[in-house]
Amino acid sequence: MSGTKTGEAAFSPEALRAKYRLEREKRLRSDGNAQYRDLSGLYADFDKDPYVEPGFTRAALTEKLDVLVVGGGFGGMLAAVRLRQAGVHSFRIIEKGGDFGGTWYWNRYPGAACDVESYIYMPLLEETGYIPTEKYAKAPEIFAHCQQIGRQFDLYKAALFQTQVEQMDWDESAQRWSVTTTRGDKLAARFVVIAGGIMHKAKLPGIPGIETFKGHSFHTSRWDYAYTGGGPTSRMTRLADKRVGIIGTGATAVQAIPHLGATARQLYVFQRTPSGVGVRANQPTDEAWVKTLKPGWQEERIRNFTALVSGLPAEADLVRDGWTYLFDSTESRRAESPEKAVELHQLANFRKMEEVRARVAAIVKDPGTAEALKPYYDPLCKRPCFHDEYLDTFNRPNVQLVDTDGKGVERITPTGVVVNGKEYEVDCLVYASGFEVTGDYTRKLGFDIRGRGGKSLRDAWADGPSTLHGMTSRGYPNLLMISLIQSSWAINFVHILGEQAQHAAYLIDQCLKRGVETLEPTEQAQAQWWGTIMSSLQKGHVFGGAECTPGYINNEGLQPPLSVIRSAGYAGGTLEFIDILRNWRKSGELEGLELTHSAAPRATGTA
Ligand code: NDP
């Protein structure tokens with residue numbers, strides 16, 4: 001067995017490989033995604049919006065529009081901003097929440113903050129003239145920025161909040177989408193942009209007995225401050241006499257647990273798989289640095305980060321944080337052969353996770369707790385986390401880690417949580433159990449889409465989607481989708497959203513300018529795009545996570561169904577995907593789209 005020297009520590013790659021395998025096998029379960037419950041039926045109360053006054057009503061609308069945007073998170077807002085900038089003003093934005101913000105509307109749990117640097121994560125900083133107050137801004141600041149974008153680009157007057165699409169049909173005679181909503185609206189839109197979000201559908205673990213719990217419980221994305229007291233940045237004073245349990249130790253829990261630990265009388269953290277938690281080193285924005293920024297700085301910084309975390313060379317590392325350290329591939333890029341590059345990359349991953357484990361040992365005083373908090377998997381198997389108070393929270397006398405050794409919570413009773421046959425009594429149970437990420441597109445949206453000939457998108461995509469660039473699909477004219485499906489993925493996800501929003505607005509604007517009534521991709525263009533995705537798999541940027549511990553990143557460790565396989569995105573890296581879209585737009589040919597024209601002038605609307 002060979003040992004690899006790294007600074008002071010030596011490790012054996014073989015031993016780590018075996019340990020990773022063991023930890024993965026411990027966690028594999030045959031029910032995969034079916035282990036989770038969505039927030040409907042018995043669990044519908046979990047989905048209620050705690051941030052709005054109950055009893056909201058408004059008159060139903062009947063309107064003709066150029067564009068309907070579904071979703072008021074970053075994706076939908078950016079699409080709307082780009083539409084306005086292109087001179088398209090006849091649009092509505094439908095949003096389930098009571099305001100703009102999407103993720104940042106819903107996720108108000110204590111400690112919520114962006115985990116990617118705010119100077120690259122928060123969009124439109126140059127257009128709005130806003131500079132975040134910290135390197136990693138907290139949720140209320142990001143939510144306020146969303147509201148500022150809403151005001152500055154006059155999006156509020158187009159918004160229909162607390163509203164969800166109920167039905168969406170292509171009306172062949174009108175050449176429009178006919179959309180009805182939960183508020184009784186009847187909207188006839190020439191184009192629909194769907195920006196439904198990738199993590200908007202919260203899930204609960206299907207733990208036996210979950211419905212019998214008689215204490216108070218909620219999901220992290222519906223934080224109940226009426227119960228806990230306090231707010232996202234102030235002490236939860238009402239927990240001072242409460243025993244609180246939190247189920248889950250993913251990226252959300254890592255941010256929330258220090259705050260629960262600081263306020264609850266007793267906190268039990270129920271863990272199935274530990275997160276890897278690196279150094280955060282948040283800091284206030286340096287005013288002197290701000291003064292040095294030149295026009296175009298944000299785009300440059302965003303691209304620099306995306307290049308580095310895609311394993312591409314860059315002259316400088318502008319962000320210089322845990323992410324760019326984790327993805328630093330200088331060593332493997334210098335390798336003399338692809339095989340050597342893979343070997344060096346794997347060794348670097350082992351070394352970086354050894355550092356993460358050493359950090360746990362250095363901070364957490366109880367050796368048993370420290371061992372249980374050490375993650376044994378490759379860095380990207382779970383969303384890497386960065387936090388400076390999380391690990392130290394387990395040194396508090398009122399905080400207990402209840403490690404389930406990969407098995408998960410056994411049972412929930414009316415009074416508490418059972419692990420290894422022992423009941424932990426709690427007054428309040430917080431589910432930090434995450435969101436549906438993969439899975440049927442329309443099920444996640446919450447409505448089906450019926451295109452030409454009444455064909456349901458759910459049926460059409462039963463064995464997987466067919467698209468051009470992940471954004472348009474044959475049989476669904478004038479429908480533009482902003483999603484992960486057959487598009488691309490990025491650590492800084494807003495980078496991709498911004499490009500997709502730009503692309504959607506370009507298509508709509510071009511159609512309106514050129515008198516195009518409908519657009520949809522040809523069969524051939526869809527097949528070619530799938531071919532492009534398939535050949536991009538050779539480029540080595542793909543991360544299937546087959547050897548990872550189960551989680552949403554690898555379909556819970558099970559062989560994915562055809563529908564998920566066919567959803568795969570472009571694997572040549574985020575920047576290449578963006579270049580494909582940009583070059584396609586630059587040519588101006590609208591290549592691969594089938595167009596029908598009308599003599600009618602550009603439509604006008606009121607919103
Ligand atoms: P995750 O899906 O990452 O975590 C869910 C947690 O619940 C996991 O620890 C999981 O364990 C645990 N769990 C599930 N079932 C059980 C069970 N039966 N018993 C015990 N534990 C269980 O959800 P999060 O909300 O934490 O994060 C989702 C994503 O949101 C992140 O990956 C990230 O992309 C994003 N996020 C982004 C932030 C940002 O700042 N931009 C901040 C927070 C989140 P196991 O790992 O074993 O499945």
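Predicted model: local features only at pLDDT ≥ 70, side-chain atom pairs only at ≥ 80, totals over all residues.
The shell around the ligand comprises 27 residues, of which Ala 113, Asp 115, Thr 252, Thr 273 and Tyr 552 come nearest. By class, this shell holds 14 nonpolar residues, together with nine polar and four charged ones. Among the elements that contribute to the shell, helix α8, spanning residues 251-263, supplies the largest share, with three residues. A polar side-chain atom of Lys 382 is placed 2.8 Å from an oxygen atom of the ligand. At Val 409, a polar backbone atom is found 3.1 Å from a nitrogen atom of the ligand. Considered alone, the ligand exposes 920 Å², and 90% of that area is buried by the protein.

Turning to helix packing, two packed helices are described by the angle between their axes and the distance between the axes. Helix α10 (residues 297-309) packs with helix α21 (residues 574-587) at an angle of about 130°, and their axes are 9 Å apart. Because of this angle, α10 is oblique to α21. On the α10 side, the contact is made by Glu 299, Arg 303, Thr 306 and Ala 307, while α21 contributes Thr 574, Leu 575, Ile 578, Asp 579 and Arg 582. Sorted by class, the residues in the contact of α10 with α21 are three nonpolar, two polar and four charged.

The second pair consists of helix α1 (residues 13-27) and helix α13 (residues 338-363), which pack at an angle of about 75° with their axes 11 Å apart. Angles of 65 to 115 degrees count as roughly perpendicular, and α1 and α13 are therefore assigned to that arrangement. Helix α1 takes part in the contact through Pro 13, Leu 16, Arg 17 and Tyr 20. From α13, the contact involves Gln 346, Leu 347, Phe 350, Met 353, Glu 354 and Arg 357. In terms of class, the contact of α1 with α13 has six nonpolar residues, one polar residue and three charged residues.

Note on methods. Residues numbered from 1 in each chain as written. Heavy atoms only, no water. Near = heavy atom within 4 Å. Polar contact = N/O pair within 3.5 Å; in protein donor to acceptor, adjacent residues only side chain to side chain. Areas by Shrake-Rupley, 256 points an atom, 1.4 Å probe, with all protein chains shown as cover. Helix = DSSP H or I, 4+ residues; strand = E, 2+ residues; numbered from the N terminus. Nonpolar A, V, L, I, M, F, W, Y, C, P; charged D, E, K, R; others polar. Axes fitted to C-alpha atoms, helices over the stretch in contact; angles between N-to-C directions. Parallel < 35°, antiparallel > 145°, perpendicular 65-115°, else oblique. Contact = heavy atoms within 4.5 Å.
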